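Me: I would like to learn how to read strands, a helix packed on them, and pockets in a model. Please take me through one.

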Amino acid sequence: MASTVSVLFLNPSDRVRAEDATQPDFFTDLNLDQIVASIVVGRDEYDLAPFFSVPMKNVEAVDYRHEVLDDLQTGALFAAVESFADQMRAVRLNLSLSEKVYYPHEKERWFLDAARLYCGAVRTLAGQLASAQLTSHGFLSFRDYLAAHIAADTFTNLAADTERLAADLSDVKYSMDIKGDRITVTDYYGESDYSAEVAATFQRFEQGAVKDYLIAFAEPPGMNHVEAAVLQMVAKLNPAVFQALDRFRSEHDGFLDDTLTRFDREVQFYLAYLAHVHRIESAGVQFCCPSVSDRSKEINATATFDLALADKLRDENTPVVCNDFFLNDPERIFVVTGPNNGGKTTFARTFGQLHYLASLGLPVPGSKAQLFLFDRLFTHFEKQEDPTNLHGKLEDDLLRIHGILEQASSNSILVLNEIFTSTTLADAIFLGTKVIEQIMELDSLCVCVTFVDELASLGASTVSTVSTVDAADPAVRTFKIVRKPADGLAYAAAIAEKYGLSYHRLKERISS
């Protein structure tokens, strides 16, 4: 029976879901596809992307991952796990070479080296976990499994056979007599090592380190035919050792333990994300493990930001603007208005990203956060018109939103960005009101970015937030989103005043 020990999944059913998981449709709208691509870069061998496509469905599963993260963020354990990953990478490389090279004895030697590295890595990790101060259920159960595994006959026999055979091979000595194109291999009888004598003779001419002008050429890992022929003759001189090498591979084929192999892959989910977090934190921002609830819809986040944008701004050495938000009962819907290019869409993406990352049991951007564990997440972002689509843009918007509202529940999260921009203001007010009213009836959490100020004051469930501008220069965006009444007209008036186009300024100029 397969082991259920996992540092990533509390529920085996979640692990099954991850096997064939694909990125959800909303990933592109929220730039989560960019975030995941940046996190997993350089770790292709682990196929981590499916793990980021399976949100947890209960708080216990999220807390399980938080516990593992708390253990991992102690320096000693983090270093131990990274070292184990490096050694397992070397094991896989040696196993790969044992399949790729041509000559049988060479295949067997790469296989033996892989087993030797594996036994050392497993024993070392077991010792480090035994002395570590662990608190997470994930690591505690894995430590117990690992202790039992290295005590079992399968592993002890592998380790003993590996050590004995490696020692026997290291004791094999032979002599080569090279005359022209003829090589004779014989047993070693204590003859002088001429290579050592030559090196000692020329050592007196050394004048310190000098620059090496030789050009290095990459060589294939396998032996050439001459080396293989020599090895074949050595094997004939030492039949017992090489027969044992033949048996070793057949007796220990498939020595990698499934649970340890799974651990090696699953723990990369944490290592990759923490490495990404540390890189973004260098820009002067913070991350935190959020408090997550599947009941309370009172949510908040302090000093939060769009993770995809922060990654880009860090590369450009541009400061990241952080925002705060909160909803208290009975508030459920952020209606975001304000000038174009003022950070409204970024705020909406941030809201969606935070809740999704929280559902993965990961730290989220911000110094503090309390978030809701949703059942489903829906997004509606403006899309370019498709010439092959027989629907008009407005009809397409209506069909998409209708589909979302049919599937959404009171535990869903909706992120709507610039809905009904293709129609008149009167129609946008009418349609937008109907949509917001239905969301209010569902009691779903929502962010709605809109140019329609009227949607910001439809009831106690809606909260008006506005992207602000510089008080001294209304043309300059601050990218700060604050709770305040929608003031599109006030903003327009400020712009008109700045450029001398207000009513009283125009009247003065005309009269003069």
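Reply: Start with a term: contact means heavy atoms within 4.5 Å. The model here is predicted.

Me: With that term in hand, which strands does helix α13 lie across, and at what angle does α13 run to β5?

Reply: Helix α13, residues 344–359, lies across β4, β5, β6 and β9. Relative to β5, the direction of α13 is at about 110°.

Me: In what order do the strands of that sheet come?

Reply: Two strands count as paired if DSSP finds at least two bridges between them. Here the sheet is open, with four strands in the order β4-β9-β5-β6 and mixed pairing. Its edge strands, β4 (291–293) and β6, each pair on one side only. From one strand to the next, the twist averages 20°.

Me: Which strands run parallel, and which pair in the antiparallel sense?

Reply: β4 and β9 run parallel and are joined by three bridges; in this pair, Ser293 stands opposite Phe372 of β9. β5 (residues 299–304) pairs with β9 (residues 368–372) in the antiparallel sense, over three bridges. Asn300 has Gln370 in β9 as its bridge partner. β5 also pairs with β6 (residues 323–327), again in the antiparallel sense, over four bridges. There, Thr304 has Asn323 in β6 as its bridge partner.

Me: How many residues line the second largest pocket, and which lie nearest its centre?

Reply: The second largest pocket, with about 320 Å³ of space, is lined by 15 residues. His105, Arg109, Met223, Leu231 and Phe242 lie nearest its centre. Two or more lining residues come from each of α5 (104–131), α9 (225–237) and α10 (239–252). The largest share, five residues, is from α5.

Me: What is the class make-up of the lining of the second largest pocket?

Reply: The lining of the second largest pocket has ten nonpolar residues, four charged and one polar.

Methods: Residues numbered from 1 in each chain as written. Predicted model: local features only at pLDDT ≥ 70, side-chain atom pairs only at ≥ 80, totals over all residues. Heavy atoms only, no water. 1 Å grid on protein atoms, 1.4 Å probe; cavity = no way out; pocket = protein on both sides within 12 Å on 5 of 7 lines; lining within 4 Å. Points joined across faces, edges and corners; volume = space filled by probe spheres on them. Nonpolar A, V, L, I, M, F, W, Y, C, P; charged D, E, K, R; others polar. Axes fitted to C-alpha atoms, helices over the stretch in contact; angles between N-to-C directions.
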